[in-house]
Amino acid sequence: MDAKALWQRYQEWLYFHEGLGLYLDVSRMRFDDAFVKSLLPKFDKAFADMAELEKGAIANPDENRMVGHYWLRNPDLAPTPEIAQEIVQTLEQIEAFAEKIQTGAIHPPKANRFTDIISIGIGGSALGPQFVAEALAPEFPPLKIHFIDNTDPAGIDRILTHLRNHLASTLVLVISKSGGTPEPRNGMIEVKKAYAGQNLDFAQYAVAITSTGSNLDKVAQSEGWLATFPMYDWVGGRTSEMSSVGLVPAALQGIDVRAMLEGAKEMDDATRVPEVKNNPAALLALSWYYSGNGKGEKDMVVLPYKDSLLLFSRYLQQLVMESLGKEKDLDGNTVYQGIAVYGNKGSTDQHAYVQQLREGVPNFFATLIEVLEDRHGASPEIDPGVTSGDYLSGFLLGTRQALYENQRDSITVTIPQVNARTVGALVALYERTVGLYASLVNINAYHQPGVEAGKKAAAVILDLQTKVVGLLQKEKTALSLEQIAEKIGAADQVEAIYKILRHLQANQRGVVFQGNLGQPSSLKISLS
C-alpha cells in the first residue's frame, strides 16, 4: 500500500474519543473490508451478550455468577437497588477512611500518623493496585505503598527489612476474597509475627478487604481490626481495580479515585456503542481476532512509551491471559484458546527485543501506548529544537513504521497524559475488549479453572510433605526415596518426594542426605 493509500486507511480507521482525548489507531492491522463484514454477525451477538451481562445475567455459567464490574463506576446500572446502594456507600466509606488516615484522625498507637502501607495480595489483588500506584501516585504521597504479592520468604523479608524502623507507623492491607488463598494468608501471618516482634498490636494497624463472612472477615471482626471493606461475589480479581481492592490503596496514596471511576465510566459508555467502527473495544477485539485467526495464533506485545505505564503490560497479562486462556468453549468443545501477552516499555524495547520483532519470527502483533504530554512544564532542548520527549515520540513512530515495513502488525493507543481519568479509561477499554473477544470465540472469560487446578495440585504436594516428614520422624534408619514412597503409599510420587526433601534439606529443616547428590536414587535420607 503506497503512502497516500495508507494515509487514507489511517483516517478511515482512526477512532477518537473527544471527552477523554483518546485515539485508537488500528490502520496497521492489515484486515480488509471483507474480513470485517464476515465478523459482523459475531459482533452483533457479542454486543447483545454484553448488554445482558450489564443487566445482571449469569455471565459466568461455570460458577453461576453475575459479572458486575461495570456497575462499580455506574451504580445506576446495577440490577437491584441494594447493590447500587452498597456500591455508593462503600465508595463513601473508602474516601472517609482515607481522609481520616491522612489527617491523623485515625493513627497508630505509637505515632501521630501512618506513613507507609504494606499491601498483601496476589493476582488481581496486587497487579491492579501496583499498576495504578506506579502510574498515578504523587512523588510524595501521604502514605508510601509497598507490596507483598508472593509467598517468597526473601521477598517478604525485603519489605519488612526496608520498613523495620517504620513498622510502628505502617498500615497493613490484607486483600483476599476468601481469606484462604495461600499467598496473602502466608504474607499476613509473617507480617503479623513481625509486628508482634516489635510489641505492636497488629489489629491496630490492619485493614481487611474481603468477602463478607469470609475467614478473613471473621478474623478481622474477632480481633478488632481498624476497618474492613467488601469484595463482591460478582467482581472477579482481574476486573477488581475499581472495587475496594483498587480504590482503598489508591485513595490512601492520594490518588483521585473519583476521576479514575469517571474515566472508566466514560469509556464504558463509548464501548457500549453497537457499531464496530465507533466502538474502540470492538476495534481492538476485531484486531486481535484478525491477527490470531480467532485462535490466538499470535502473541500481544505491549509497549507503553512512558515510564509510569511500565506495569500496564503485567496488568494486561493477567486480564487477557486468565480471561481468554481456556481449554473448553461454552459448548464444551476443546479449543485451547488464549492470547499470550508480554511487554517492556519504550524506548527500552529498542535495546531489548525490537530486533526480533522487526526481523525474527512473525508470531506477534504489537500494541504501542503513546502519551502526548512529555512532562508537566516545558522541556529543555537536547539538540537544537529537539527535546527528550521528541526522541521518545520519534522512537515510537519509528518502531511502528519499521514493523509495518516488514509486515508486522501493530495497534497504537494514544492518550493525552497519564492521569486518573485516562488510566481508568485504559482499564475499562481492555476489560470490555476481553469480554467482546471472548464472545467472538465463544468462551467464558470470567472463570479460571486452570488456576484452581494449580492450587489443588500445590495442596497435594504439601500433604505429601506432611506424610514424608511424619514417616521420617518415626523411622530409626535412613531410607531410600523408593522406600519412603512405598511406605507412605505414594509409589508413583518418587520424583515429587525427592524435590520436597531437597527443598527441606536446603533450608536446614533437619533432613540429612547420604549418597551422591547427582544420582538421587543412591540417596539415603533421615532426619537429624
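1. Strands β3 (residues 116-120) and β4 (residues 144-148) pair in the parallel sense over five bridges; two strands count as paired if DSSP finds at least two bridges between them. Between these strands the chain passes through α4, and the β-α-β crossover is right-handed, meaning that, with the strands pointing away from the viewer, the path from the first strand over the helix to the second runs clockwise. Helices (H or I, at least four residues) and strands (E, at least two) are DSSP runs numbered from the N terminus.

2. The model is predicted: local features need pLDDT of at least 70, side-chain atom pairs count only at pLDDT 80 or more, and totals for chains, interfaces and linings use all residues. Residues are numbered from 1 along each chain as its sequence is written, and side-chain values use heavy atoms, with hydrogens and water left out.

3. β3 also pairs with strand β5 (residues 170-175), in the parallel sense and over five bridges. Here Ser 119 stands opposite Leu 173 of β5. Five of the five residues of β3 are buried, where buried is under 20% relative accessible area, exposed is over 50% and partly exposed is in between (1.4 Å probe, protein chains only). Asp 116, Ile 118 and Ile 120 point one way from the strand, while Ile 117 and Ser 119 point the other way.

4. The whole structure contains 23 salt bridges, each defined as a side-chain nitrogen of Lys or Arg within 4 Å of a carboxyl oxygen of Asp or Glu. One of them joins Arg 73 and Asp 268, at 2.6 Å from N to O. Arg 73 is in the loop between α2 and α3 and Asp 268 is in helix α9 (residues 257-270), so this pair ties together parts 195 residues apart in sequence. Both residues, Arg 73 and Asp 268, are buried.

5. Asp 233 and Arg 65 form another salt bridge, with the closest N and O atoms 3.1 Å apart. Asp 233 sits in the loop between β7 (227-230) and α8 (244-252), and Arg 65 in the loop between α2 (33-55) and α3 (81-103), 168 residues apart. Asp 233 counts as partly exposed because its relative accessibility is 45%; Arg 65, at 26%, is also partly exposed.

6. Glu 223 and Lys 192 meet in a salt bridge of 2.7 Å, N to O. This pair links helix α7 (residues 215-223), which holds Glu 223, to helix α6 (residues 182-197), which holds Lys 192, and the two are 31 residues apart. Glu 223 is partly exposed at 34%, and Lys 192 is partly exposed at 25%.

7. A network of salt bridges links Glu 54, Lys 265, Asp 269, Arg 272 and Arg 432.

8. There is one cavity of 30 Å³ or more, a cavity being a set of points, on a 1 Å grid over the protein atoms alone, where a 1.4 Å probe fits but cannot get out. The largest cavity holds about 40 Å³ of space; volume is the space filled by probe spheres set on the points, which are joined across faces, edges and corners. Its lining residues (an atom within 4 Å of a point) include Gly 124, Arg 238, Glu 241 and Tyr 315. α4 (124-136) and α11 (312-324) are the elements that give two or more residues to this lining, and α4 gives the largest share, three residues.

Note on methods:
1 Å grid on protein atoms, 1.4 Å probe; cavity = no way out; pocket = protein on both sides within 12 Å on 5 of 7 lines; lining within 4 Å.
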